[in-house]
Amino acid sequence: MGISSVNRFCCALLACAATSCLGGKEEASPLPLIPKPLEASTGKASFRLTPKATIQLSDTSAAMKQLGQYLSQLLAPATGLTLPAGPITTDSAGRILLSVNETDTSLGGEGYILDINDYQVHILAQKPAGIFYGIQTLRQLLPAAIEASSVATHTDWIVPEVQIRDKPEYAFRGSMLDVARHFFGVAEVKRYIDLIAAYKMNILHLHLSDDQGWRIEIKSRPKLTEVGGSTQVGGGKGGFYTQDEYAEIVRHAADRFVTIIPEIDMPGHTNAAIVSYPWLNCRDTVHTLYTGIEVGFSTFCAKNDSTYAFIQDVVRELATLTPGPWIHIGGDESHVTLPADYIDFVNRVQPIVKQYGKKVIGWDEIANADLHPNTTVQFWADVPNTQLAVKKGAQVIMSPSKKAYLDMQYDSTTRLGLNWAGYIEVDDAYNWDPATLTEGVTRKDILGIEAPLWTETIQTMDDIEYMVFPRLPGIAEIGWADTKGRDWAEYKLRLAKHGSRFKAMGVDYYPSARVDWK
Ligand code: TNX
């Protein structure tokens, strides 16, 4: 299908959504897919998943076997079926066929084709990642009850006839979870990964250290977790990931094509590290654990070589745990670091990260340092910093706090969250375009988007879900979908249908009045 037919398809859907179509007999509505696929057309037939269905794999590489198992396990709880996944057989009717074709590069490493007719479901991609995203689309075409954690009764597992060609706009589509202000355990982080991957996000940035806590075991510096990991905001017991636990998170993420980006925030936001090793601060006096929510009062000593020997140890161990290309060095709100010291510090930390084979990401303040060619700058608040980063040739990740901060309250009645960047309702989080938001920052400068969840006020998984849903699917769509096809009036119809999915998933979402939930 060419682009013009896509446009026709989109317009037809819009027109149908507004009125009643199909000869006035049936109320048509857009395919309830988030993010919206690049091209889609529908037919009149449908595919029924029956107990005889199989999952067939075009090759039995480890990656494809893992995808077959993943799909089988995804469908099992609600359907009660355990579909076998294995090589292609002649018994092809009613199957779900997953096939990779390395030579077809037209949809890139994350794109896929999903072809559903009354005979079979076929997901085709150049790479396993594309198959994974095709599976997420198939999942959203099934009845919402597919998300139930136990066998759903009276449900016909039917999907409509569709032909979808899809690929992402941005390579980097992420969320950040702050596990430093309040600690969240392995099971909670895994659930978070599952939720963001369902909306085709591929990055989880973990904010692993801050004034209130240090959350990752560093074997050469054990006090970081013994002391620095022992509390959190409000004075709870805090916690940390052992390196084995962290590796388990990284593996869980990799199986869902999510890259983990570990952040060690420095030179500011470092009280927990400084209490563990007081010489990290220039004033080697007594420091105490901090359980409040102020920012900007702590700093590493940028002048001492011992500070960089420490960072060397941390980065070396972290790099070993990190298959992805990036380590995030923070760099925000270092209000008590002298500006010249701050620049020296960032200049000295970048080569350490490079030495261990990783690339640096830092919050927009790091634009004031001499940026290495591979350093990426994360826009959160300061436009001039971000413009400076672009002038220096850096790629940018867009996390505008006024749009993409998931810890901002929806409105003045929200029981959780902060509001320093404003209130962000579900339409505000959706209605922005990374490529036109900031003067001087254009499409070519942007690696992608990220929606951070800071957790000063967030204590439980339910709290996380309430702030993240329903805003995150919209931000995921900004990262994935073609900007030209995005429109709130149409999007909100699709989002409305996800309310029942959130419920089936047990996601405690905020039922915004701006959406007519189905
Ligand atoms: C600013 S965003 C911060 C965080 C806070 C957040 C609260 C950024 C780089 N720094 O330290 O948690 O505001 O919204």
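Predicted model: local features only at pLDDT ≥ 70, side-chain atom pairs only at ≥ 80, totals over all residues.
Helix H2, spanning residues 62-79, packs against helix H3, spanning residues 128-141, at an angle of about 10°, and the axes of the two helices are 10 Å apart. Because angles under 35 degrees count as roughly parallel, H2 and H3 are therefore roughly parallel to each other, and their crossing is right-handed. On the side of H2 the contact is made by Ala63, Met64, Leu67, Tyr70, Leu71 and Leu74, whereas H3 contributes Pro128, Ile131, Phe132, Ile135, Gln136 and Arg139. Sorted by class, the residues of this contact comprise 10 nonpolar, one polar and one charged.

A second pair is formed by helix H8 (residues 305-320) and helix H9 (residues 339-355), which pack at an angle of about 35° with their axes 10 Å apart. The crossing of H8 and H9 is likewise right-handed. In this contact, Asp305, Thr307, Tyr308, Ile311, Gln312 and Val315 of H8 meet Asp344, Phe345, Arg348, Val349, Ile352, Val353 and Gln355 of H9. The contact of H8 with H9 is made up of seven nonpolar, three polar and three charged residues.

The ligand is surrounded by 13 residues, of which Arg181, Tyr405, Asp407, Trp420 and Glu456 are the closest. A nitrogen atom of the ligand, in turn, is 3.2 Å from an N or O atom in the side chain of Glu333.

Turning to the backbone, most residues other than glycine have a negative phi, and most peptide bonds are trans. Against this background, a cis peptide bond joins Ile34 and Pro35, with omega about -5°; Pro35 is placed in the loop between helix H1 (3-18) and strand S1 (39-48). Met266 and Pro267 are also joined by a cis peptide bond, for which omega is about 0°, and Pro267 is found in the loop that runs between strand S12 (259-263) and helix H7 (271-276). Lys200, although not a glycine, has a positive phi of about 65°, and this lysine, Lys200, lies in the loop between helix H4 (186-197) and strand S9 (203-207).

Note on methods. Residues numbered from 1 in each chain as written. Heavy atoms only, no water. Axes fitted to C-alpha atoms, helices over the stretch in contact; angles between N-to-C directions. Helix = DSSP H or I, 4+ residues; strand = E, 2+ residues; numbered from the N terminus. Parallel < 35°, antiparallel > 145°, perpendicular 65-115°, else oblique. Left-handed = near helix turned anticlockwise from the far one by under 90°. Contact = heavy atoms within 4.5 Å. Nonpolar A, V, L, I, M, F, W, Y, C, P; charged D, E, K, R; others polar. Near = heavy atom within 4 Å. Polar contact = N/O pair within 3.5 Å; in protein donor to acceptor, adjacent residues only side chain to side chain.
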